[in-house]
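Please read this short briefing on helix packing and charged side-chain pairs. The sequence and structure come first, and the notes follow.

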Amino acid sequence: MMKSMKKEKYNKSSLNIEGYIGILGATGSVGKKAVKTLMEYTDYKLLLGSRDKNKLDKMFDVSESIKEYVQVNINNKVQLEEFCSRCNIVLNCSGPSEIILDKVALACIEQGIHYVDVSGGEKLYDSLKNKEDIIKSKKLLFIIACGVYPGLTEIYPMYIIKKYFDVVNSLKFYFTTQGKLSFSSAYDYICGILNKVGKGMKYINRGCITSVDNNKIQEYNLPEPAGSRYCYPIINGEFERMCKNNNIDKAYFYNTFYNREDIENAMSIIKDSKRLGKDVLAKTMTGKLVGDNNHRDFTMIYMTCEGIKDNSEIDIEGKILYQGAGNDISGIVGANVIEIIMDIIQNECGVYYVADIIPADIFIDKMNNKGIMSCETIKEFEEGEIL
């Protein structure tokens, strides 16, 4: 059930570090939501950065929380390093991540600053892992994939698994979102298809990536507000890693679509990008609605999980629902990570995916405190008791 809406602010005196939390890309949909979340639920001092200082001026007022905002062009090394040098932690909400890659992360290494990125995948992870000796020598903590997908899509299964199961035999996971595409999300979406990020029409079977038996898109009736959706099975590196870390025998991850046209549009991207170029194609996709024209924006995670608890078979349904687009919830996820790492930043260093270091139960509690409903249902429990 949804938990209390009472806000729990961090007290200034409880912080383990001093100085600013810098937020780059603060005028974008992800960054704007991260800023507002941190302002509402913490007392941290924020330094906001964006390519367009006028937008910052219109969106935010300098206040007790927001001490200053500055113009930062990420391609301007001097501006970027000057911004990072004034912070203790940088939350990177700028995009597209495929273009930015490790530019902000490298500036943080140079300036000796902790780093959190709402995006980032295997390419960024591998790049930073190659520099982990330097990162550790400076006692820095770098966490990537701190958005909704990847990020929350790995944290929530971990939460369910640790709370309810001793052994997990199978997991089916469905991700669905409705809202308009931003340029950054469109660009990264295009690049993900072109770079073959994730393995389509695959699932995990006994720890191995395996082709699905029926090479057809299946229609599935999800809980409201999603309803009937076309489900495309895909396994990305972050989800595969989560399954291996939790010894999950069989797992499916379904990216869901409102209609077949959305899937066909995705399949045509390779051809269109060659004709138009990625930048032009992303601009044509910007502002287009993904989902049902008659429905308000939402983001939903739904999963079923079967396994063993106290020598008994159990079957759990889990659901997270946010009444807003995926970019907004990514901003909230990033803000949550900032809150949580304040308690571990003095004791941890190195490079991590968010699901490898953030305590899942604490994270989900914070999401519930921010009005994002999560609920679980025990479908079957033959004997014994879940503690």
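**Helix packing and salt bridges**

In this predicted model, helices H9 and H13 cross in a right-handed way. The structure also contains 12 salt bridges. Side chains of opposite charge can pair when their charged atoms come close.

**How H9 packs on H13**

- H9 covers residues 183-194 and H13 covers residues 278-285; the angle between them is about 130 degrees, and their axes lie 8 Å apart.
- Because of that angle, H9 is oblique to H13.
- On the H9 side, the contact residues include Phe183, Tyr187 and Ile190, and on the H13 side they include Leu281, Ala282 and Met285.
- Sorted by class, the contact of H9 with H13 has 10 nonpolar, no polar and 3 charged residues.

- Glu376 and Lys163 form a salt bridge through their side chains, at 3.6 Å from N to O.
- Glu376 is in strand S18 and Lys163 is in helix H8, so this pair ties together parts that are 213 residues apart in sequence.
- Lys163 has a relative accessible area of 38% and is therefore partly exposed.

- In the salt bridge of Glu240 with Lys244, the closest N and O atoms are 3.4 Å apart.
- Both residues, Glu240 and Lys244, belong to helix H10 and are 4 residues apart, about one turn of the helix.
- Glu240 is buried, because its relative accessible area is 15% and the cut-off for buried is under 20%.
- Arg275 and Asp272 pair in a salt bridge, with the closest N and O atoms 3.3 Å apart.
- Arg275 and Asp272 are 3 residues apart in helix H12, so about one helical turn separates them.
- Arg275 is exposed, at 58% relative accessible area, whereas Asp272 is buried, at 17%.

Technical notes
Residues are numbered from 1 along each chain as its sequence is written. This is a predicted model: local features need pLDDT of at least 70, side-chain atom pairs count only at pLDDT 80 or more; totals for chains, interfaces and linings use all residues. Side-chain values use heavy atoms; hydrogens and water are left out. Axes are lines fitted to C-alpha atoms, for helices over the stretch in contact, and angles run from 0 to 180 degrees between N-to-C directions. Helices (H or I, at least four residues) and strands (E, at least two) are DSSP runs, numbered from the N terminus. Angles under 35 degrees count as roughly parallel, over 145 as roughly antiparallel, 65 to 115 as roughly perpendicular and the rest as oblique. A crossing is left-handed if the near helix is turned anticlockwise from the far one by less than a right angle, and right-handed if clockwise. Contact means heavy atoms within 4.5 Å. Ala, Val, Leu, Ile, Met, Phe, Trp, Tyr, Cys and Pro count as nonpolar, Asp, Glu, Lys and Arg as charged, and the others, Gly among them, as polar. A salt bridge is a side-chain nitrogen of Lys or Arg within 4 Å of a carboxyl oxygen of Asp or Glu. Buried means under 20% relative accessible area, exposed over 50%, partly exposed in between (1.4 Å probe, protein chains only).
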